[in-house]
Amino acid sequence: VQQEMVVTIGGTVQEGTIAVMDMTGKLLKTQTVNSNTVKVNVTELPAGMYIVQYTDDNRREQVKFSKQ
């Protein structure tokens, strides 16, 4: 990922939140979600490994990604 990451959420999406965190769990940015596909701008983040996490009332899913 360099500038913008597309996050695709499977299943039924309720209104939830996308959070971007560093590898220590420090919250760097959040974005409200109400569809299965969300674009997250990561231009301001320095190169490195990060975690993106989707949370709604019923579930929480996270995945690691590399910013170049």
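Is glutamate 44 buried or exposed, and what is its relative accessibility? In this predicted model, glutamate 44 counts as exposed because its relative accessibility is 51%, and exposed residues are those over 50%. The close-up views below present the salt bridges and the pocket.

**View A. Salt bridge between glutamate 44 and lysine 29.** The side chains of these two residues meet with an N to O distance of 3.4 Å. The pair connects distant parts of the chain, the partners being 15 residues apart. Glutamate 44 belongs to the loop between strand 4 (37–41) and strand 5, whereas lysine 29 lies in strand 3 (residues 27–33). Lysine 29 has a relative accessibility of 21% and therefore counts as partly exposed, while glutamate 44, at 51%, counts as exposed.

**View B. Salt bridge between arginine 59 and aspartate 56.** The N to O distance between these side chains is 3.8 Å. Aspartate 56 counts as buried because its relative accessibility is 11%, and the class of buried residues is defined as under 20%.

**View C. Salt bridge between glutamate 61 and arginine 59.** The closest N and O atoms of this pair are 2.9 Å apart. Glutamate 61 counts as partly exposed, as its relative accessibility is 41%. Through shared partners, salt bridges join Asp56, Arg59 and Glu61 into one network. A search of the whole structure finds three salt bridges.

**View D. The largest pocket and the residues that line it.** The space in the largest pocket amounts to about 180 Å³. Its lining comprises 13 residues, of which Val7, Thr8, Ile9, Tyr54 and Val63 are the closest to the pocket centre. Strand 1 (4–8), strand 5 (48–55) and strand 6 (60–67) are the elements that each give two or more residues to this lining.

**View E. Make-up of the lining of the largest pocket.** Which strand gives the most to this lining? Strand 1 does, with four residues. Sorted by class, the lining has eight nonpolar residues, four polar residues and one charged residue.

How values were computed. Residues numbered from 1 in each chain as written. Predicted model: local features only at pLDDT ≥ 70, side-chain atom pairs only at ≥ 80, totals over all residues. Heavy atoms only, no water. 1 Å grid on protein atoms, 1.4 Å probe; cavity = no way out; pocket = protein on both sides within 12 Å on 5 of 7 lines; lining within 4 Å. Points joined across faces, edges and corners; volume = space filled by probe spheres on them. Nonpolar A, V, L, I, M, F, W, Y, C, P; charged D, E, K, R; others polar. Salt bridge = Lys/Arg side-chain N within 4 Å of Asp/Glu carboxyl O. Buried < 20%, exposed > 50% of the residue type's maximum accessible area, 1.4 Å probe, protein only.
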